[in-house]
Amino acid sequence: MTQWFDARRFGALLLKETRQILRDPSTALIAFVLPLLLLFIFGYGVNLDTPRSRIGIDRRDDSQAAVSLAQDFIGSRWFEVVDSQPVATLSRELVAGHIRGIIVIPDGFGRDVARGGGSIQVITDGSLPNTAGFVGAYAEGVRAAWAARHALEQGRAPHGVGHPPAIAIEHRYWFNPELRSRFFLVPGSIAVVMTMIGTLLTALVVAREWERGTLEGLMATPIGMGELILTKIVPYFVLALCSMALCTLLAVTLFGVPFRGSPLALLAISAVFLLPALGQGLLISAATRNQFVASQLALLTAFLPTLLLSGFLFEIASMPRVIRWLTYLVPAHYLIPQLQTVFLAGDDWGLYLPDMAALLGFGALFFAIAIRVTRRRVA
Amino acid sequence: MTIIRLRSIIIKELWAILRDPRTRIILLVPPIVQLLIFGLATTLEVKNMTLGVLDRDGGAWSQELLQRVAGSPNVTRIIPLKNEQDLREAIDRQHVIAALRFDSHFSADVASGRGGVVGLVSDGRRSNAAQIVSGYLDQIAAGVGASVSKTQTGSSSSGGSVVINWFNRNLDYLWFTMPALVAVISAISAMSVVAQSVARERELGTYDQLMVSPLRVGEILIGKMVPPVLIGTFITTVYVILIPLVFRVPLTGSVALLYGALFIYLLALTGVGMLVSVLSATQQQAFLGMFLVAIPVILLSGYASPIDNMPHWLQVIAHLDPATYFLKVTEGVFLKAMPAADVLDNCWPLALICVVTLSASALLFRSRME
C-alpha cells in the first residue's frame, strides 16, 4: 500500500518538474515573451477608439459655401482628405481600400444653403462597418458645425443655436472617464496569458509525457495519483502567477492603467481562475495523449473562447442567444468582470465572490474528470 | 527523377498528417464550428442591452423618452432604479451597461423651452460598448427633442447629410466578420500543420533519415508545404460555399481571383510556419512559437480592430503580416466585387513574404544538416 502523501517525495518531484520547466526555452517564450507581446498589441494595436479616416471629396458646386465646407473637411481633425475627384474615380479608390469614404457636395449646394437647406451625400465603405459608422457620423458633425458657423456669418440665427436643444444627454463614464479602450484591453490580456500558461502549456507538456510514456513510468512508482498531479500543476500555477504579476506591473507603469483594487484581491482572483485553467489543461492532455491534437484542442476550447467569448473584446449581450449560453461555459467569462473591476473600479467582493464560486465549481469538475480519465488510461 | 521523389515525399507528408483519425477530425471539423460560433459572436454592435432608469421626474417627457428607448431594437430590458444607491450598485455589479437619471424638473424644463438635461451614467470598464450605447441614446434624445421643437416652434430642419453605405447597406457586422474569418481560420490551420512538420521529424528522430535519403532540401520543403496548402484550400472551399448560402453574405467578386490569392496567401503562411518549425528543436517549441507568431498575425490583420486606428509604427508592422493583405482580398471579393488589378496589388507583397521566409527556411535547414 502506498502512502498517499509524502512531503520529501513530493518536494523532490516538484524540484524535478520545476527544473524541467525552467530548462525549456519555450517556457520562457510563453511565460514572459507572450505577455509582453500581448500587452503591446492590446496596448497599442487593438485600438477601438476613433481614428482619423482618409476620405475623398467630390465637390460639384463652385459656390463660396461649397468651397468653405470642403475646406472644413480638409481642416477637420477627424478626416484626412486625400483626393478631390468625381465619384466615379473615387469609387475605385474606395474599392481598393485606399479611402474610407466619399463626401459629395452636390450641384446647387450654395443655392440650397442660401434658402436655408443644403444637404450633402456621404458614401462610406460598408465592408468595414465600424469605420463606416464613424465616417457617417463625423461627416454629419463637420457639416452641422459648418452650417451653424455659416449661418452666423450670414447674420442669421441658425436653427438650434441661441436656445439650447430641447433634450440633451449629459454623459458620465464611471471608472474610465476618458474612455480609453486600452484600460479594458490590457487587464483582459492578463486573462489570455493565464489561459495560455494554465491550459495550453500544461496540456502540451503533459501530453508529451503521455506520448513518450514517461507518465506511465512515474505512475509505476509508489507515488499517489493526487500527488503526481499536484507536482505537475504547481509549477505552472506559480509560473502563471509570476506572469500575471509581470503583466500587472507593466500595465500600471508602462500603459498607465489605474489599479484601484488591492493586490491581494488580484492574487485571489487569479489563483481561483487558475484552477479550472489547469484542470482543463490536464483533462485535454489525458484525453488526447498526443501533442498536436492536445495543442489544437487547447487552442479551440481555451484560447479562442477566452479571446472571443469572454466579453473581453466583444460584448456578450450582443451575441445570439445560443452563443450567449455557451459563454457561461467559458471560465474566462467569470474572470473578465473581476479583472476589469479590480483594475478600474476597486475591490467589490459582492461582484468577486459569485464569480469565484463559479470558477471553483468548474475547477472541481475539470479535475474530477481529469483524474477519472487518467485512472482509466492507466488501468 | 525529381517528379518521382516529389510524389513520394508528398504522399508521405499527407499520410503523416491524415493517418491519425483524431488529427483528421481536429483539422476539418473545428473550422466549421468556429465559423458558426465566432462568426456570430464577434460583433462590435451593442444589442440586447439592459439599461437602468432613475426617474425622479415621472412627467410626460421622461415617459416619452423612456418609451422611445424601450422601443429601440437594441434595448431588451429597462430596470427601474429607486435611488442613487440602487444606481451605483446596478452599475458596479454590471447589471446594467448604463443608467439614465431624470431630475424632478426634467419635464417642466422641456415644456418651458429651457431644455431638459438627462444624466447618463455608463460603465467605463466596458468603454467601447458604453460609447456605442451613448451614441444610440443621443440619437433617441435628439429624435424626441426634434418633436418637442416642432410642437413648440413649428420649424423644420435645415440641411443634413445623406449617408449611403456602399457594399453593406445596413452595416451588418456579420458581412465583415465572415470574409475575415476565411483569412483568420485558414491561417491558424495552415500554420499549425506546417509548424509541426519539421519539428516533429526532429523530435521523433526521423529527421536524420530524411537527411540521408536522396531527397534534396527543396524537395523536402515542397513536400512539407503541400498538406497545409491543401487543408487551407479545403477549409476555404467549405467557407465559400457556406457563407453565401447560410449567412447570406453576398459573394460579388470572382471566385477564381479569390482562389488565386488564397494559393499565394497559403504559401506565404507556410513560409512563415516553416521558419518557426526549422528554428524549433521540439514539437512543443514549434507549437508555442507558431502561437506567438499567430497572435500578431491575427490581431494586427485588421480583423480585431481597424488598421487605420493603429499608431503609424504599428501600421508598418501590420504590413508585414500576410493576413493583412488577404483580409483585404476576401473582403473585397465578397463585398466589393474587387477587380483583378486590386487583388494583384495585394498578392505581390504575399509573394515577397513567401520568397523571403522560404529562402530563410531552406538556408537554415541546410545549415542544420551539416
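Predicted model: local features only at pLDDT ≥ 70, side-chain atom pairs only at ≥ 80, totals over all residues.
Entry 1: I found an open sheet of five strands, ordered E2(A)-E1(A)-E3(A)-E4(A)-E5(B), with mixed pairing. Which strands sit at the edges? They are strand E2 (79-84) of chain A and strand E5 (160-166) of chain B, and each pairs on one side only. I also noted the twist, which averages 25° from one strand to the next.

**Entry 2: one strand pair.** A reminder to myself: strands of a sheet pair through backbone hydrogen bonds, either parallel or antiparallel. Next I checked E3 (residues 101-105) and E4 (residues 119-125), both of chain A; they run antiparallel, and four bridges join them. Looking across from Ile103(A), I landed on Val122(A) in E4(A).

**Entry 3: a helix over the sheet.** Then I went to helix H6 (residues 129-153) of chain A. H6 lies across E1 (53-59), E3 and E4 of chain A, together with E5 of chain B. Its direction is at about 160° to E4(A).

**Entry 4: two helices from two chains.** How do H2 (residues 25-45) of chain A and H12 (residues 283-299) of chain B cross? I got roughly 0°, with the axes coming within 10 Å. Angles under 35 degrees count as roughly parallel, so H2(A) is roughly parallel to H12(B). I jotted down some residues making the contact: H2(A) brings in Leu29(A), Ile30(A) and Val33(A), among others, while those from H12(B) include Leu288(B), Leu292(B) and Ile295(B). Sorting the contact by class gave me 13 nonpolar, five polar and no charged residues.

How values were computed:
Residues numbered from 1 in each chain as written. Chains lettered and ligands numbered in written order. Axes fitted to C-alpha atoms, helices over the stretch in contact; angles between N-to-C directions. Parallel < 35°, antiparallel > 145°, perpendicular 65-115°, else oblique. Contact = placed C-beta atoms within 7 Å. Nonpolar A, V, L, I, M, F, W, Y, C, P; charged D, E, K, R; others polar. Pairing = 2+ DSSP bridges.
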